[in-house]
Amino acid sequence: MGKQFHGEAANYPGAPKNFDPENPYADGVAMIAQREHVVREKMIKVETAKLLRERVQTCYMKEGVNHYQNCRDEVKAYLESIKNVGVHRANIGVHDRAGGI
């Protein structure tokens with residue numbers, strides 16, 4: 001089991017149980033639910049990257065000329081978070097791979 005969320009996030013449905021990645025068009029409702037789940041997860045990654053970028057900017061301003069040494073961990077976390085992030089392929093029709101994030 002993944003993270004336990006609290007508040008409004010606890011009510012969001014996860015990935016649909018009846019979605020078949022081998023035959024995504026078998027159940028249209030499950031396919032749309034899976035697509036929504038994938039987009040929601042990607043948007044969470046985008047917002048996480050934005051928060052990490054703000055941390056990097058704050059660290060750069062605070063540390064001044066020493067930001068290369070003192071902000072190294074924040075920059076590494078930010079660069080790791082922006083790999084394969086974006087929703088540009090969320091809804092492209094027949095070429096959509098609704099099962100993959």
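I looked up Asn84 and found it in the segment after α3 (72-81); helices here are DSSP runs of H or I of at least four residues, numbered from the N terminus. Asn84 is exposed, at a relative accessible area of 81%; exposed means over 50%, buried under 20% and partly exposed in between, with a 1.4 Å probe and protein chains only. I took the C-alpha to C-alpha distance from Asn84 to Lys42 as well: 9.4 Å in space, for 42 residues apart in sequence.

A note on the source: this is a predicted model, in which local features need pLDDT of at least 70 and side-chain atom pairs count only at pLDDT 80 or more, while totals for chains, interfaces and linings use all residues. Residues are numbered from 1 along each chain as its sequence is written, and side-chain values use heavy atoms, with hydrogens and water left out.

I then went to helix α1 (residues 28-63), where His37 sits. His37 counts as buried because its relative accessibility is 12%. Beyond its neighbours within four places in sequence, I find His37 in contact (heavy atoms within 4.5 Å) with Pro13, Gly14 and Ala15.

Glu36 is also in helix α1, but is partly exposed at 46%.

Last, I searched the whole structure for disulfides (cysteine sulfur atoms within 2.5 Å) and got one. Cys59 and Cys71 form the link, with sulfur atoms 1.9 Å apart. Cys59 is in helix α1 and Cys71 in the loop between α2 (67-70) and α3, so the pair ties together parts twelve residues apart in sequence. The link is left-handed, at -95° about the S-S bond. Both cysteines, Cys59 and Cys71, are buried.

Terms used
Helix = DSSP H or I, 4+ residues; strand = E, 2+ residues; numbered from the N terminus.
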